[in-house]
Amino acid sequence: IATGRDYFFQAKRTLDQSTLQPEYLDDSGVRTIGGQPFDALALRITMMGVKVGQTMYARRRGDYVITLVQTYMNEAEKAETDAVIDSVSFSW
């Protein structure tokens with residue numbers, strides 16, 4: 001895995017084998033978090049009949065892939081969690 005996008009390729013394979021019924025919305029985005037570019041994957045999953053939005057962020061750093069997963073039920077929650085992500089900083 002060389003990039004966050006490579007990580008998403010593998011994550012999608014795993015999700016597609018689950019009962020979560022993922023609906024991939026966009027996997028072309030990049031978001032700067034803490035001054036670092038992270039690849040982004042927006043999706044919707046269904047759990048027990050309830051649709052939940054998620055955006056996954058991934059970035060390779062050395063031998064590791066750093067991931068953050070933003071989960072929300074509606075646009076108000078998405079805005080609230082966006083603010084939290086905007087406040088993240090890294091000391092690398």
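Does Gln54 count as buried or exposed, and at what relative accessibility? The model on your screen is predicted.

**Stop 1: the sheet.** Show the strands as a cartoon. Four of them form an open sheet in the order β1-β2-β3-β4, with antiparallel pairing. Now colour β1 (23-33) and β4 (64-72), the edge strands. Each of these pairs on one side only. Look along the sheet next. On average, neighbouring strands are turned by 25° against each other, direction ignored.

**Stop 2: the helix on the sheet.** Select residues 75-86. This is helix α2, and it packs on the sheet. It touches β1, β3 and β4. Compare directions: that of α2 makes about 150° with that of β4.

**Stop 3: the β2 and β3 pair.** Select residues 36-47 for β2 and 50-61 for β3. These strands run antiparallel, and nine bridges join them.

**Stop 4: Ala40.** Move to Ala40, in strand β2. Ala40 has a relative accessible area of 12%, so it is buried. Beyond its sequence neighbours up to four places away, Ala40 touches a set of residues including Arg5, Asp26, Gly29 and Tyr57.

**Stop 5: the cores.** Select Phe8, Ala11, Leu15, Leu41, Leu43, Ile45, Val52, Met56 and Ala58. These nine residues make up the largest nonpolar core. Helix α1 (4-16), β2 and β3 each supply at least two of its residues. In soluble globular proteins, nonpolar side chains tend to be buried together.

Zoom in on Phe8. Not counting residues up to four places away in sequence, Phe8 touches Asp39, Ala40, Leu41, Met56, Tyr57 and Ala58. Then find the second, separate core of five residues; Ile33, Phe38, Tyr57 and Ile85 are among them.

**Stop 6: Gln54.** Finish in strand β3, where Gln54 sits. Here is the answer to the opening question. Gln54 counts as buried because its relative accessibility is 15%, and buried means under 20%. What does the side chain of Gln54 make a polar contact with? Show the side chain of Thr71: that is the partner, at 3.0 Å. Then select the residues around Gln54. Leaving aside neighbours within four places in sequence, Gln54 is in contact with Leu41, Ala42, Leu43, Ile45, Val69, Gln70, Thr71 and Tyr72.

Notes: Residues numbered from 1 in each chain as written. Predicted model: local features only at pLDDT ≥ 70, side-chain atom pairs only at ≥ 80, totals over all residues. Heavy atoms only, no water. Pairing = 2+ DSSP bridges. Helix = DSSP H or I, 4+ residues; strand = E, 2+ residues; numbered from the N terminus. Axes fitted to C-alpha atoms, helices over the stretch in contact; angles between N-to-C directions. Contact = heavy atoms within 4.5 Å. Core = buried A, V, L, I, M, F, W, Y, C linked by side-chain atoms within 4.5 Å. Buried < 20%, exposed > 50% of the residue type's maximum accessible area, 1.4 Å probe, protein only. Polar contact = N/O pair within 3.5 Å; in protein donor to acceptor, adjacent residues only side chain to side chain.
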